[in-house]
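Me: I would like to learn how to read a few features of a model. Could you walk me through them?

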Amino acid sequence: MDEADEESYHHAAATHNSPRSWLITAALSPLAVRLIRQLLSHGDYVIACLPPHEIDDEQRSAEFRELINECKSNGKDREGWKDRIRGIRCDGNISSCLGAVAEAVALFGRIDILLCCRSEAVVGTVEELATNLHTQNLVREQFEAMFFSQVNFIKAILPVMRRQNTGHIIALTSTCGHLGTPGLSMFSAATWGFEGYCDSLAYEVAPFNIKVTIVQPNLEVQSLTSRLTFAPQIPAYVDAYPTAPNVRDVLTNVLNSDPETAVPDDPDPETAPSTPGSMSLEPEPGYGEIFSRYPKLPSLTIDLLLNETIHALTAIGGHENPPSRHIVGSEAAVAVKEKLKTVTEEMEDFVDSSLAVDIFESELKEEARRPQKPEDKTPDVTASGSEPP
C-alpha cells in the first residue's frame, strides 16, 4: 500500500466489501486461523490477539504458526499478507487490551470490527464445581476467560469506535446463550452473562453508529475447538442422565479418540469416595484430578464443523445493517426455536397467575381509578363551636 492509499484507508470508513480492519480477541483457535485466511484473501487487515497460555502451547499454536509462515512466503496468492497481519500477546486484562487496541490503531489507523471469540469450557455440574477451593477457582477462571476478558476488549475499543463514529462488535458465543446445558453450568452462565451485556451495550452505543451482533453457532463449534477443563466427578452424577447424552462422556469420547489427548484413567472405584447415605451440608467430594485438554480433530472434520460459522462471520462483519443476533445452521436454529416454543407454552399455561399479580387490574387500582370527590372546604362548626363569619 503506497502512502496515498494508506492515508485514504486511515480516514475513510470501510464498507462491507472494501478492506476492513479486524481485531480478533483469541486468534489461535482453528476457527480463528481459518477466518484469518479468509480475511487476508479478501484484503482485510487483522490484529490477532494471542493468549500467552495458548501461544506457548505447541499443539494449540501450531496452525497459527503455519499461517504466519504462509504469510511470509512469496506465493502470488499470499502477496501482501504479511503487511496486513500483526500478532500481539494479550492475556485479556485491561492494560493488555488497551495496548492491543492502541497498536492496532497505530498500525492500521482504525478498527472496523472487534470479534470477541475467546472460549474455554469448564466441564462439571454445579455441585462438582463446589467441592473445594480448586474447583471453585475454576468458576472464576471460566468467567475471566468468557466474560471479563471480552468485556475488557470492548471497554478498550469503544473510545476508538466512538471517535470514528462507526464500528461493529461481534460476540461469537453459542446456543448455550439460549439453552442451559447439564455439565456445562458455568460455561452456560458465562455465555448468558456476556450476551446480556452485549444486548444492553447495543442500545448504549447505537447513537455512535456502532453495531453489536451476537453470533450463535452450535455448542460444538466452540467446545470442540477450545480448551476443555474437567472438574473431578461426583459419583452421584455418573448415571444421573439415562435419557440424554452426558456432556462429560461425549467430550471424553472425543478426547479419547486421539492418544495425545486421552483423559486420565478413573481412580479405582474401591478407593473413590462413595455417595453418603445421609444428608450433609458439606459438598460431596469428587474423585480424580482437575485436567485440561485441547481436542484434536482431523482437519476435514474441523472444516466441516466450522465452515458455516466462518461464512456467517465474513458475511456479517462490517455489514451496514447487521442483525442483532444470528443463529448459525439449521440444527442450532431448530434447538433455539424449540426452547422459545417451550418458554411461550409455559408462559401461556401460567398466564392467569402472571396477570393475577398485576396491580393495574387489582382492586387497589380500580379504587385509584374512581373519581375522587372534591374536598369539603366548609369549616367544622361542631369542633370550633362557632358559626363561620
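This is a predicted model: local features need pLDDT of at least 70, side-chain atom pairs count only at pLDDT 80 or more; totals for chains, interfaces and linings use all residues.

Me: Which residues in helix 2 meet which residues in helix 10?

Reply: Residues are numbered from 1 along each chain as its sequence is written, and side-chain values use heavy atoms, leaving out hydrogens and water. From helix 2, Pro30, Leu31, Arg34, Leu35, Gln38 and Leu39 meet Ser299, Ile302, Asp303, Leu306, Thr309, Ile310, Leu313 and Thr314 of helix 10. Helices here are DSSP runs of H or I with at least four residues, strands are runs of E with at least two, and both are numbered from the N terminus; contact means heavy atoms within 4.5 Å.

Me: At what angle do helix 2 and helix 10 pack?

Reply: Two packed helices are described by the angle between their axes and the distance between the axes. Here helix 2 (residues 30-42) and helix 10 (residues 299-316) pack at about 55 degrees, their axes 9 Å apart. Axes are lines fitted to C-alpha atoms, for helices over the stretch in contact, with angles from 0 to 180 degrees between N-to-C directions. That makes helix 2 oblique to helix 10 (under 35 degrees is roughly parallel, over 145 roughly antiparallel, 65 to 115 roughly perpendicular, the rest oblique).

Me: Is Asp265 buried or exposed?

Reply: Asp265 is exposed, with a relative accessible area of 74% (buried is under 20%, exposed over 50%, partly exposed in between, using a 1.4 Å probe and protein chains only). Asp265 lies in the loop between helix 9 (247-256) and strand 9 (291-293). The C-alpha atoms of Asp265 and Gly288 are separated by 8.5 Å.
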